Amino acid sequence: MTEAKTKFRCAIYTRKSTDEGLEQNFNSLDAQRAACEAYIQSQAGEGWECLPQVYDDGGWSGGNMERPALKRLLAEISKGQVDIVVVYKVDRLTRSLTDFARIVETFDNNEASFVSVTQAFNTTNSMGRLTLNVLLSFAQFEREVTGERIRDKIAASKAKGMWMGGTPPLGYDVVDRKLLVNEREASLVQDIFRRYAEHGSAARLVRELDIEGHSTKSWVTQSGQHRAGRPIDQHYLFFLLRNRLYLGEINHKGEYFPAQHTSIISQELWDGVQAFVNKRKQGPR
């Protein structure tokens, strides 16, 4: 007859979706770990012991399993080095029902269990698993509703002509989340449109722009990183020539709305360029 375990090695797993506040002396991960340590201490009479290893995923989403600390934890469970995984809340471990099933399967295969200290759930019995699945169903539902709400907000903002982020287009700078005309770059964009409207030769225009030393947009990200421009090729050229943003419009899933930023290309010049672009699309390669 197999002897019952008298000692249980407990691993604490903590996670935070963003890295905001992690630089503080006592952050969210520290608070989670403190609560888990106190819970393990309360179970010392049952033989629970806290492992010294730290499994922290600060700045990692719970929507997938591509997290370094979680991968390390699962690997050590597979080696039989962990008996119980302790978390502050279930959604710290995962927000996906599919991922949760995979994690629990790893636990089962290695005789490990799982405990949430604030929700008193564990996977050692069928009722605990049922409750966890219900809880995760709501967590996943909340995540999907949040995603829909964000998409609806983006759609409504673009319908009002607002710039919703991304790489700044040549000819504009982003200031306070708005597109403002960069006069020097705008002159280059206007010149590119005019020259293409004159002869309709992309290869010739690309060669000329290269000789003149022009490049794509060079800009600085919000985090202070510099993104250098690169030589203008035909792919970028046609992307620029087809971009209705220069007409003062915002695109959302193929639908265009009057933009809040200033246009830098006239309708007449746009029409002249598109005549060449469409003729090129219809002609033989």
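Q: Buried means under 20% relative accessible area, exposed means over 50%, and partly exposed lies in between. In which of these classes is R230?
A: The model is predicted. Here R230 has a relative accessibility of 40%.

Q: With which residue does the side chain of R230 meet in a salt bridge?
A: A salt bridge needs a side-chain nitrogen of Lys or Arg within 4 Å of a carboxyl oxygen of Asp or Glu. For R230 the N to O distance is 3.8 Å. The partner's name is D233.

Q: How many salt bridges does a search of the whole structure find?
A: Side chains of opposite charge can pair when their charged atoms come close. Some salt bridges here share partners, and these join D191, R195, R204, E208 and E212 into one network. The search of the whole structure gives a total of 15.

Q: How many residues apart in sequence are the parts that R9 and D83 tie together?
A: The side chains of R9 and D83 form a salt bridge, with N to O at 3.0 Å. R9 belongs to strand β1 (residues 8–16), while D83 is in the loop between α2 and β4 (84–87). The pair therefore links parts whose separation in sequence is 74 residues.

Q: Which is buried and which is partly exposed, R9 or D83?
A: The relative accessible area of R9 is 31%, so R9 is partly exposed. The value for D83 is 5%, which is under 20%. The buried residue is therefore D83.

Q: What is the N to O distance in the salt bridge of K71 and E66?
A: K71 counts as partly exposed because its relative accessibility is 45%. The side chain of K71 meets that of E66 in a salt bridge. The distance, N to O, is 2.8 Å.

Q: Are α2 and α4 roughly parallel or roughly perpendicular to each other?
A: The axes of α2 (residues 68–78) and α4 (residues 97–109) come within 9 Å and cross at roughly 30°. Angles under 35 degrees count as roughly parallel. The two helices are therefore roughly parallel.

Q: How many polar residues does the contact of α2 with α4 have?
A: The crossing of these two helices is left-handed. On the α2 side the contact is made by L70, L74, I77 and S78, and on the α4 side by I103, T106 and F107. By class there are 5 nonpolar residues and no charged ones, and the number of polar residues is 2.

Q: Is α7 roughly parallel or roughly perpendicular to α8?
A: Helix α7 (residues 202–211) and helix α8 (residues 234–241) have axes that come within 10 Å and cross at roughly 105°. Angles of 65 to 115 degrees count as roughly perpendicular. The arrangement of α7 and α8 is therefore roughly perpendicular.

Q: How many nonpolar residues are in the contact of α7 with α8?
A: From α7, the residues A202, A203, L205 and V206 take part, and they meet Q234, L237 and F238 of α8. One of these residues is polar and none is charged. The number of nonpolar residues is 6.

Q: How far apart in space are K160 and Q140, C-alpha to C-alpha?
A: K160 is in the loop between α5 (126–159) and β7 (172–175). Its relative accessibility is 58%, so K160 counts as exposed. Leaving out residues up to four places away in sequence, K160 touches P258 and Q260. K160 and Q140 are 20 residues apart in sequence, and their C-alpha to C-alpha distance is 31 Å.

Q: Does N182 count as buried or exposed?
A: N182 sits in the loop between β8 (178–181) and α6 (183–199). Apart from neighbours within four places in sequence, N182 contacts G171, Y172, D173 and K217. Its relative accessibility is 14%, so N182 counts as buried.

Q: What is the phi of D176, which is not a glycine?
A: D176 lies in the loop between β7 and β8. With a relative accessible area of 68%, D176 is exposed. The phi of D176 is positive, at about 55°.

Q: What is the relative accessible area of K253?
A: K253 is in the loop between β11 (249–252) and β12 (255–258). Although K253 is not a glycine, its phi is positive, at about 55°. K253 is exposed, and its relative accessible area is 74%.

Note on methods
Residues numbered from 1 in each chain as written. Predicted model: local features only at pLDDT ≥ 70, side-chain atom pairs only at ≥ 80, totals over all residues. Heavy atoms only, no water. Axes fitted to C-alpha atoms, helices over the stretch in contact; angles between N-to-C directions. Helix = DSSP H or I, 4+ residues; strand = E, 2+ residues; numbered from the N terminus. Parallel < 35°, antiparallel > 145°, perpendicular 65-115°, else oblique. Left-handed = near helix turned anticlockwise from the far one by under 90°. Contact = heavy atoms within 4.5 Å. Nonpolar A, V, L, I, M, F, W, Y, C, P; charged D, E, K, R; others polar. Buried < 20%, exposed > 50% of the residue type's maximum accessible area, 1.4 Å probe, protein only.
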